[in-house]
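Please look through the sequence and the model shown here before reading on.

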Amino acid sequence: MDERDEYRIEDLAHLSGATVRTIRAYQDRGLLPKPERRGRSNVYGTAHLTRLRQIADLLDRGYTLASIKELLEAWDAGRGLGGVLGLVAEVDGPWTDEEADRITRAELDATFGGTPDEHAVEEAIELGVLERIPGRDDEFLVPSPQELAVAAELYAAGVPLLAIAGHLRELRGQVEHIANRFLEFTTEHVFARYLEHRPPSDADAAEAATLVRRLRPLAQQTVDAELARAMRTIATRHLQQHLAPGTPAPQDDASRSVTLPAATIRAVHQLVGPENASVFITAATERELHARTLDALTAHRGSRGDVGEKP
């Protein structure tokens with residue numbers, strides 16, 4: 001080990017951004033090689049610093065310590081990590097050409113009526129429409145200027161901010177379901193052969209990254225085309241209902257869509273299969289409603305009996 005690349009654990013923690021306690025925990029879990037022993041001191045080197053930065057990068061990308069350990073063990077065994085990290089970077093990279101922007105608090109207030117609304121700002125931050133900039137209380141990062149522009153147009157058209165936030169929450173759940181289904185579909189038919197080994201070989205990971213780059217636009221193009229088709233069909237139908245004389249109003253028992261968390265949908269698919277999911281959810285809902293009705297009737301009957309009881 002070159003003396004110029006030797007660090008005490010405190011120095012390593014400072015350079016890597018990890019704490020001394022975290023470094024020792026990584027050593028105990030086998031994520032970090034043991035340091036060299038020099039007398040009574042432990043000495044770390046450039047390899048330890050590089051490994052800590054790799055771990056931090058993978059954690060930022062959402063990987064668990066268990067999966068990171070698998071990747072690093074494969075690398076140490078000589079299977080290579082370059083292709084895998086390239087695949088991680090490709091998937092984790094931007095899925096749109098849109099670039100983030102900044103907006104001052106004064107500009108934000110002027111865009112939405114001119115009156116400061118702290119609750120609306122906190123709601124936008126929670127939804128990720130705005131992000132705080134460290135050290136700047138008068139300015140925000142806007143990850144998607146297009147999304148903020150849509151909210152501004154809706155507000156100018158008379159839609160309350162609370163309704164816009166609620167609509168975005170509902171829409172996000174539906175879009176996440178679409179994204180999950182697209183990934184399941186492409187994984188089953190395209191990527192499964194590259195990912196059957198954990199972790200994949202360097203060559204397979206590199207080829208999968210190339211495919212991600214090619215297929216990335218397809219999801220948005222498909223959703224754009226289908227949304228345009230659906231909007232034309234449904235908007236025309238709505239307009240006809242409102243303009244045609246004597247057209248009856250929609251009935252209360254008409255079908256309505258309900259947004260469910262993606263995790264719930266996946267669990268139902270695993271339990272009964274995608275083809276039976278809607279029937280299962282309907283049956284489960286009806287069973288719950290029947291059970292609550294019976295409980296209410298029983299409770300009502302019990303309360304009447306208690307009143308009429310004689311000592």
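This is a predicted model: local features need pLDDT of at least 70, side-chain atom pairs count only at pLDDT 80 or more; totals for chains, interfaces and linings use all residues.

Residues are numbered from 1 along each chain as its sequence is written, and side-chain values use heavy atoms, with hydrogens and water left out.

The protein has 12 helices and five strands; helices (H or I, at least four residues) and strands (E, at least two) are DSSP runs, numbered from the N terminus. Of its 311 residues, 25% are buried. Here buried means under 20% relative accessible area, exposed means over 50%, and partly exposed lies in between (1.4 Å probe, protein chains only). Contact means heavy atoms within 4.5 Å. Among contacts between residues at least 6 apart in sequence, 59% join residues at least 24 apart.

Helix α2 (residues 20-28) has I23, Y26 and Q27 as buried residues. They lie on the same side of α2, because they cover an arc of only 100 degrees around the axis; the arc is that of the directions from the helix axis to the C-beta atoms. R21 and D28 are exposed on the other side of α2. After α2 comes G30, with a positive phi near 80 degrees.

Helix α8 (residues 145-156) can be described in a similar way. The expected span of a helix is 1.5 Å times one less than its number of residues. For the 12 residues of α8 this gives 16 Å, which agrees with the 16 Å between its end C-alpha atoms. L148, A151 and A152 are the buried residues of α8. An arc of only 100 degrees around the axis holds them, so they are on the same side of α8. Their cover includes β3 (101-104), α6 (105-111), β5 (136-142) and α9 (161-191). The face of α8 turned away from the buried side carries Q146 and E153, which are exposed. Just after α8, G158 has a positive phi of about 110 degrees.

Next come two helix pairs. Axes are lines fitted to C-alpha atoms, for helices over the stretch in contact, and angles run from 0 to 180 degrees between N-to-C directions. Angles under 35 degrees count as roughly parallel, over 145 as roughly antiparallel, 65 to 115 as roughly perpendicular and the rest as oblique. A crossing is left-handed if the near helix is turned anticlockwise from the far one by less than a right angle, and right-handed if clockwise.

Helix α1 (residues 9-16) packs on helix α3 (residues 46-60) at an angle of about 40 degrees, with the axes 10 Å apart. The two are therefore oblique to each other, and α1 passes α3 in a right-handed crossing. In this pair, L12, L15 and S16 of α1 meet H48, L49, L52 and R53 of α3.

Between α9 and helix α10 (residues 202-243) the packing angle is about 140 degrees, and the axes are 11 Å apart. α9 and α10 are therefore oblique to each other, and their crossing is right-handed. From α9, I178, F182, V190 and F191 meet residues of α10 including A208, L211 and V212.

The loop between α6 and α7 (118-127) contains P116. Leaving aside neighbours within four places in sequence, P116 is in contact with R105 and D109. P116 and R105 are 11 residues apart in sequence, and their C-alpha atoms are 8.7 Å apart in space.
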